[in-house]
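Q: Could we go through this structure together? I would like to start with the strands and then turn to the charged pairs.

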Amino acid sequence: MAQVLSLHVFFSAERHKVGPSKPLKRIHNPKTSLSTHRKGPQSPMRKTQKLNLQVSPHRAVSAVRLMRIEMGGAFADLLNEKGKGSGDNEMGYVERTLGFRTKNLDDRDLRLVTDIVGGTIRWRRYLDYLIGSLCHDDKAFRNMEPLLLQILRIGFYEIVKLDMPSYAVVDENVRLAKVSLRPGAGNMVNGILRKLVLLKESNSLPLPKLEGDDRTQARALAILYSHPVWMVRRWTKHLGQEKAIKMMAWNNDDPSFSLRANSGKGVTRADLVMQFNMLKVPHELSLHLDHFVRVKTGLQSIIQAGLLKQGLCAVQDESAGLIVSVVDPQPGDSIIDCCAAPGGKTLYMASQMHGQGMLYAIDINKGRLRILKETAKLHQVDGVITTIPSDLRTFAESCQLKSDKVLLDAPCSGLGVLSKRADLRWNRRLEDLEELEKLQEELLDAASILVKPGGVLVYSTCSIDPEENEERVDAFLLRHPEFHIDPVDRYVPPGFVTKRGFYSSDPVKHSMDGAFAARLIRTLSLKHNELWKYGDLDVLGVRMVGPLWQWTMSNASDFKNTSPGDAI
């Protein structure tokens with residue numbers, strides 16, 4: 001359970017919160033079936049054979065995972081996380097979808113599945129363009145059976161992007177199509193893949209040209225870099241074409257991972273580095289955060305060694321760690337994490353409090369909060385965490401709880417984490433941003449109620465889109481003039497501070513996920529009856545000396561003429 005949460009902290013990135021839980025959840029159609037729609041007679045092998053040792057296990061598992069992701073609403077990172085080559089679990093899906101089992105996955109097979117599934121999803125638009133170009137007509141491609149299309153995508157990805165031996169790719173994918181569908185499907189795969197091999201060897205793959213007006217160029221870029229057209233047009237508008245291309249290239253590259261040493265359990269970064277050296281996992285130290293280590297490869301070795309399961313570390317991107325730096329949790333603080341699940345930032349903040357203070361973790365998802373609570377015990381930070389299952393908007397209306405610091409890590413599009421969430425780019429629509437705008441504003445208004453006078457409200461997202469970030473903050477400040485921007489330059493390195501004093505991480509510039517945070521201070525509202533009561537003593541935690549006391553004395557006559565309870 002702890003391992004599951006630790007991986008969520010990174011991958012789902014924090015899977016960002018719907019309701020107030022995190023990004024919008026994929027809509028699952030209960031009428032969609034994962035069973036393949038076969039035409040013609042079934043293969044005799046399928047009728048009689050349950051265990052097929054001739055079919056490549058990593059290709060069979062990859063095809064089934066791709067089916068589950070595209071048709072069944074599963075998330076790619078969770079399948080990679082839960083599969084782990086566990087025979088009955090993985091092969092159960094293979095048997096129900098294909099009608100037979102293969103041998104269980106070994107470590108090499110598992111790495112191949114992870115690479116192929118992630119890469120095939122990233123490059124889906126590009127691969128489909130190539131497949132469609134090599135089919136005899138558009139209708140054949142549009143009406144292609146789901147499983148047959150997945151098998152072709154795997155073959156195209158292996159040949160074009162992985163440079164695997166073409167003869168092996170053709171032979172193995174033809175066999176998979178014949179056994180799982182029918183001989184005719186295998187013949188079709190054979191013909192199309194052989195065409196692809198010839199075109200690749202002659203360096204004449206059919207690709208769109210980058211020419212014409214902005215709209216035409218956006219369509220070509222969407223194919224060449226395999227992103228939705230609306231996303232390409234939006235980034236080209238906000239970033240310029242050159243930066244947009246770099247952003248898409250970053251999203252298509254193999255992601256790196258960051259792991260945070262669990263200081264709540266007394267684990268230092270040096271301890272973590274020693275463990276990585278023993279496991280022979282290549283790594284480098286974070287340049288920005290003392291508890292973080294980056295790894296490009298070897299995450300499976302770390303998982304299998306039990307470092308996550310023992311609570312020694314957690315997978316967490318540095319961009320998320322820097323958001324915690326903006327909150328600046330201190331021992332003795334009272335903090336509310338408004339949309340806490342899956343809990344990565346909650347656990348990190350708790351570890352920084354050293355057992356002193358209180359951290360309230362609110363989320364609408366009871367199950368995820370339960371996992372957070374169990375992981376807090378594993379990480380030995382449960383003493384400061386109280387979980388509250390509730391919709392933030394309802395909670396804020398009825399609760400008198402006020403805190404020093406409030407973090408709203410809001411539900412967002414997740415456009416900053418596309419390198420790790422391979423499937424997310426295909427599950428987002430332009431309309432989602434419009435729907436999220438209303439939710440983000442409702443949650444911000446609710447979170448603001450929980451902030452003490454003089455307290456801090458941090459609004460953050462894992463998005464790079466200004467409409468979800470700066471524009472939401474500006475709209476909030478218009479509605480709530482009692483808040484003002486507190487520049488983050490005291491909390492994060494200068495390279496992450498925008499001209500307006502916000503925190504922003506840029507995937508291309510900083511080689512980490514894209515994220516945003518604004519630190520807002522609630523104005524300290526003083527009432528004159530409190531000033532007369534306390535005189536030059538502390539008023540609401542502020543020492544009444546210097547300019548404030550001088551202003552009070554110089555305006556004493558006006559002050560005395562105000563009504564009791566009036567705020568200054």
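Predicted model: local features only at pLDDT ≥ 70, side-chain atom pairs only at ≥ 80, totals over all residues.

A: Residues are numbered from 1 along each chain as its sequence is written, and side-chain values use heavy atoms, with hydrogens and water left out.

Q: Is strand 8 enclosed or open?
A: Strand 8 covers residues 403–409, and six of its seven residues are buried, so the strand is largely enclosed by the rest of the structure. Buried means under 20% relative accessible area, exposed means over 50%, and partly exposed lies in between (1.4 Å probe, protein chains only). Strands (E, at least two residues) and helices (H or I, at least four) are DSSP runs, numbered from the N terminus.

Q: What stands opposite Leu 407?
A: Asp 337 stands opposite Leu 407, and in strand 9 the bridge partner of Leu 407 is Val 458.

Q: How does the chain cross from strand 8 to strand 9?
A: The chain passes through helix 21 (residues 430–449), and this β-α-β crossover is right-handed. That term applies if, with the strands pointing away from the viewer, the path from the first strand over the helix to the second runs clockwise.

Q: New topic: how many salt bridges are there?
A: A search of the whole structure finds 31. A salt bridge is a side-chain nitrogen of Lys or Arg within 4 Å of a carboxyl oxygen of Asp or Glu.

Q: What does Arg 59 pair with?
A: Arg 59 forms a salt bridge with Glu 158, with the closest N and O atoms 3.1 Å apart. Arg 59 lies in helix 3 (residues 57–72) and Glu 158 in helix 9 (residues 146–160), 99 residues apart.

Q: Are those two buried or exposed?
A: Arg 59 counts as buried at 5% relative accessibility, and Glu 158 counts as buried at 0%.

Q: And where does Arg 429 find a partner?
A: The side chain of Arg 429 meets that of Asp 432 in a salt bridge (2.9 Å, N to O). Arg 429 is partly exposed at 40%, whereas Asp 432 is buried at 5%.

How values were computed:
Pairing = 2+ DSSP bridges.
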